[in-house]
Amino acid sequence: MSARFVRRLAAAAFVLVAATPLVSHATLPPTVDGQPLPSLAPMLEKVTPAVVNISTKTRVQVRDPFFDDPVFRQFFGLQGSPRSRVEQSLGSGVIVDAAKGYILTNNHVVGGADDITVTLQDGRDFKGKLVGTDPDTDVAVVKIEATGLQALPMADSSTLRVGDFVVAVGDPFGLGQTVTSGIVSALSRSGLGGTGFQNFIQTDASINPGNSGGALVNLRGELVGINTMILSPSGGNVGIGFAIPTNLSGEVMQQLITNGKVNRGNLGVETQDITPRIAKVLGLKDNNGAVVTRVTTGSAADSADIQMGDVIIAIDGKPVRNAQDLRNAEGLMPIGSAVKLTVQRGGATREVTAKLVPEKLATVDGGKLDARLAGVTFSELSQNQRAQGIRGVAVGAVRAGSRAAQGGLQANNIVIGVGNLRVPDLRTLQQLAGVNPRQLVLVVASDDGVRYVEIR
């Protein structure tokens with residue numbers, strides 16, 4: 001907008017106010033010298049019908065030391081009456097395929113929900129079907145059967161620049177559809193906690209509770225990100241919000257639609273940050289990079305001759321500052337991707353190419369450990385889980401009706417102990433085979449916290 005135009009606009013506004021001091025509904029003219037005033041309204045008229053409200057209901061089992069006691073339950077006549085409560089939550093979503101009814105949103109909005117209701121801008125409600133979720137990127141896809149839908153086109157988020165104008169659309173605090181505007185404050189944000197793989201767009205467009213899963217669009221009305229989280233000491237917006245870029249969410253969405261889950265590639269290395277002491281030992285000039293602490297035999301890294309003590313300083317030409325950078329880059333690439341690694345060893349720098357392959361995790365049949373664990377499959381934790389400092393054994397599957405299922409063991413639980421013994425890995429659990437304690441009690445961690453599971 002030119003300085004001359006602004007002066008004319010101010011003059012026109014002054015004339016209106018001066019000429020009609022008693023008319024309270026006076027407004028700025030729609031044009032000045034034939035030039036229309038700038039407005040986001042035309043763009044938003046095409047965007048807002050594609051942004052939906054998502055409400056969920058989740059039934060949560062209520063655990064209580066008294067009501068869990070079978071004697072107490074029998075005394076009060078509560079046998080066979082499970083105690084639960086219903087949790088409700090609100091969020092947003094974006095229609096990305098009008099013909100098939102696909103909606104892109106956050107995992108933390110719909111993950112684990114028993115009932116999903118999608119409300120369109122025109123007031124219509126539809127029952128949502130969960131297509132798939134990916135907790136590691138906080139992306140989920142929901143499908144509805146509806147006609148007359150309007151979808152948003154997805155832009156190439158890699159073309160975003162710091163300073164580009166963006167608009168956030170969602171349903172904050174359940175108030176109803178709300179639009180806020182701002183700029184791209186930063187790109188490629190990571191290390192924020194929560195999700196496993198991060199490459200966030202940072203924006204000062206207001207994002208508040210309920211905006212999760214909503215749209216971040218450019219001024220052409222194209223989807224550039226899915227709003228997901230804020231950084232705030234009070235829980236309200238302070239101008240620091242984050243969105244998942246479409247280049248990431250779009251790739252995850254396609255895998256969820258095709259496979260129902262995300263199959264990630266894996267290098268087969270474990271790394272750690274470089275401290276000043278490690279840099280001195282390895283003869284490095286600075287602390288940038290990720291030092292390899294373990295290489296899985298037969299992995300992509302093993303085939304590329306990566307060795308313990310090597311320092312990975314770049315992947316596909318992009319600098320690797322620390323272990324988190326490498327983990328993010330690795331986790332955001334699909335299986336089969338060929339990546340170029342820049343590696344330092346003994347003062348020399350070289351480049352190698354590795355092809356990402358599926359992560360192979362050792363598994364064991366629970367029935368071979370203890371007859372009471374028949375129908376349970378245990379496996380090693382993934383590299384991503386280990387990188388987050390999690391220790392234990394993953395529960396892969398629990399057969400319905402088995403002793404373990406009756407005791408409350410569930411798929412995706414993590415066993416961290418058996419009785420009073422800690423179980424940091426699958427090997428330790430296997431060593432307990434044949435012990436056959438009279439009372440088999442597993443210490444289990446899940447999203448609901450840590451609990452004891454007794455298997456009779």
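**A walk through charges, rings and loops**

The charged end of Lys 143 sits over the ring of Tyr 102, 4.9 Å from its centre. The rule here is NZ of Lys or CZ of Arg within 6 Å of the ring centre and within 35 degrees of the ring normal. This is a predicted model: local features need pLDDT of at least 70, side-chain atom pairs count only at pLDDT 80 or more, and totals for chains, interfaces and linings use all residues. Residues are numbered from 1 along each chain as its sequence is written, and side-chain values use heavy atoms, with hydrogens and water left out.

Lys 143 also forms a salt bridge with Glu 145, the closest N and O atoms being 4.0 Å apart. A salt bridge is a side-chain nitrogen of Lys or Arg within 4 Å of a carboxyl oxygen of Asp or Glu. Lys 143 is partly exposed at 21% relative accessible area. Glu 145 is exposed at 63%. The classes are buried under 20%, exposed over 50% and partly exposed in between, with a 1.4 Å probe and protein chains only.

The salt bridge count comes to 13. Among them, Asp 122 pairs with Arg 124, with the closest N and O atoms 3.0 Å apart. Arg 124 is partly exposed, at 28% relative accessibility. Asp 325 bridges to Arg 321, and there the closest N and O atoms are 2.7 Å apart. Asp 325 is buried at 13%, whereas Arg 321 is partly exposed at 48%.

Salt bridges also link Asp 305, Asp 310, Arg 345 and Arg 350 in a network. Asp 305 has a backbone feature too: its phi is near 65°, a positive value in a residue other than glycine. Asp 305 belongs to the loop between α7 (300-303) and β19 (311-315). Helices (H or I, at least four residues) and strands (E, at least two) are DSSP runs, numbered from the N terminus. Asp 305 is partly exposed, at 37% relative accessibility.

Asn 412 is not a glycine, yet its phi is positive at about 80°. The loop between α10 (403-407) and β27 (414-418) holds Asn 412. At 68% relative accessibility, Asn 412 is exposed.

Helix α5 itself covers residues 246-259. Its 14 residues reach 19 Å from first C-alpha to last, close to the 20 Å expected at 1.5 Å a residue. That expected span is 1.5 Å times one less than the number of residues. Buried residues of α5 include Leu 248, Val 252, Met 253 and Leu 256.

Now the aromatic rings. A search of the whole structure finds one aromatic pair. The rings of Phe 200 and Phe 242 have centres 5.9 Å apart and planes at 45°, so the pair is tilted. Rings of Phe, Tyr and Trp (its six-membered ring) pair if their centres lie within 6.5 Å; planes under 30 degrees apart are stacked, over 60 edge-to-face, and the rest tilted. The pair links distant parts of the chain, with Phe 200 in strand β12 (residues 200-203) and Phe 242 in strand β15 (residues 241-245), 42 residues apart. Phe 200 is buried at 3%, and Phe 242 is buried at 2%.

Leu 326 is another buried residue, at 2%. Helix α8 (residues 323-331) contains Leu 326. Leu 326 and Ile 315 are 11 residues apart in sequence and 7.6 Å apart in space, C-alpha to C-alpha.
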